[in-house]
Amino acid sequence: MGVGAIELLKDLVSIKSENPGCYEYEIADFISHLLKKHDIEYEVIYSGNKRVNIVGFLYGESDHVLILNGHLDTKPAKGNWRTDPYTPVIKNNKLYGLGASDMKGGLAAMLSAVIRSKGKKLKGTINFQFVADEEMNSEFGMKYLVKNGYIKNGDFAIVGEPTNLKVATRSLGNLWLVIKVRGRKAHAGMYWEGISAIDRSIEIIDEIKSSIRKYRYKNDPEISNFPNVNVGYINGGFHPGTVPDYCEFSIDIRFRSEQEREIFKDMVNKTVTRILFKYDCECEIEPFGGGDMFAWDLASFENIDRYLDLIDQSYYAIIKQAAQKCVFLGGSDASSLVYDLGIPTVIIGPGSLKQAHNNNEWVFIDEVVNASKIYEEIISRWE
Ligand SMILES: [Zn+2]
């Protein structure tokens with residue numbers, strides 16, 4: 001069992017850690033054996049049946065703590081894969097397999113960097129957190145660890161989610177709502193006797209979309225397509241000959257600051273009320289179970305230049321290029337680090353969200369190798 005990132009990635013892809021499914025038990029077992037073999041201090045934290053987290057340390061001269069965070073779980077393998085999702089296949093500088101991008105590539109890179117750094121004289125302390133349940137709201141992962149005091153403080157954190165090795169210094173928040181519209185049933189031949197819940201829903205969707213569009217971040221090229229409204233599902237009616245009296249749909253609005261969450265919530269409420277006022281309709285607006293992710297921005301922290309310098313110097317040392325900045329467009333445990341613990345955080349990892357949660361998921365081999373070297377360089381420079 002080597003500590004090369006790619007060998008490790010092959011091992012990790014071969015071990016199922018689907019959520020929901022078999023969960024993290026087996027992969028955590030594999031990682032703890034590896035850590036034990038290399039005499040690295042760690043703790044295994046059970047947060048539920050087969051729900052497992054690993055938190056450990058490499059101690060340095062100072063007690064300044066750099067957190068390296070990654071999740072152990074993957075989404076279940078659904079859809080038609082060309083190859084077996086649990087058998088890693090390497091072809092044209094790509095490794096295919098479930099979780100290759102999200103985020104066993106980042107996990108392998110972090111884990112191998114930690115193992116190679118063991119035994120070196122470190123200036124600062126490294127706290128690695130390989131956690132459960134990121135794919136389902138982190139109830140058994142980061143939220144459990146924070147709530148029960150397993151993770152207390154850190155000076156700076158790096159989450160290894162896929163960014164194609166760019167440095168994500170901010171992340172969008174989202175608002176998930178379910179809107180339930182009740183109208184009045186009627187025969188389609190006398191449609192004027194009814195109130196179509198579907199027609200009212202379409203009207204509501206159109207208005208919300210056009211109101212939100214006015215807020216587009218035109219001066220922020222990376223996210224000029226936001227805020228956006230995605231209608232994730234719509235259900236209503238049952239027969240062509242009947243005016244539907246019920247329709248339910250969900251919306252997802254993504255934005256760049258938490259202040260906007262309230263603005264957009266309010267805007268949706270007002271739009272819905274305005275439209276329903278015109279008709280004899282009822283409506284409920286409900287949150288969609290636990291989906292909200294918080295918007296965060298490294299720039300909201302003070303004294304972050306030294307962390308950005310550390311990253312830049314490490315990038316130069318390994319790939320002779322400056323680190324490119326980006327916005328992370330998915331959810332991640334970074335929001336827990338930022339909001340629950342107040343730790344300045346960035347996301348840096350191999351792979352891409354384009355491949356994540358997709359059939360035939362893959363990651364560039366080069367990116368995993370470079371990620372591992374960059375993490376190792378950051379660990380050695382941390383003080
Ligand atoms: Zn992920």
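In this predicted model, strand 11 (228-236) and strand 13 (residues 246-255) are paired in the antiparallel sense, and their pairing runs over 7 bridges. Within this pair, V229 is found opposite I253 of strand 13.

The two strands belong to an open sheet of 4 strands, in which the order is 11-13-9-14 and the pairing is antiparallel. Strand 11 and strand 14 (282-287) form the edges, and because each has a single partner strand, one side of each is left without a neighbour in the sheet. From one strand to the next, the twist averages 20°. Helix 6 (residues 258-278) packs on this sheet, where it touches strand 9 (173-182), strand 13 and strand 14, and the direction of helix 6 makes about 15° with that of strand 9.

The buried residues of helix 1 (residues 5-14) are A5, I6, L8, L9, L12 and V13; they cover an arc of only 155° around the axis, which puts them on the same side of helix 1.

| Packing partner of the buried residues of helix 1 | Residues |
|---|---|
| Helix 2 | 25-37 |
| Strand 5 | 94-96 |
| Helix 3 | 100-117 |
| Helix 9 | 365-381 |

As for the overall division, the chain is split into domain 1, made up of 5-171 + 295-381, and domain 2, which spans 173-287. Between the C-alpha centres of domain 1 and domain 2 there is a distance of 37 Å.

How values were computed: Residues numbered from 1 in each chain as written. Predicted model: local features only at pLDDT ≥ 70, side-chain atom pairs only at ≥ 80, totals over all residues. Domains from an automatic or database assignment. Buried ≥ 20, exposed ≤ 12 C-beta atoms within 10 Å, placed from the backbone. Arc of directions from axis to C-beta. Contact = placed C-beta atoms within 7 Å. Pairing = 2+ DSSP bridges. Axes fitted to C-alpha atoms, helices over the stretch in contact; angles between N-to-C directions.
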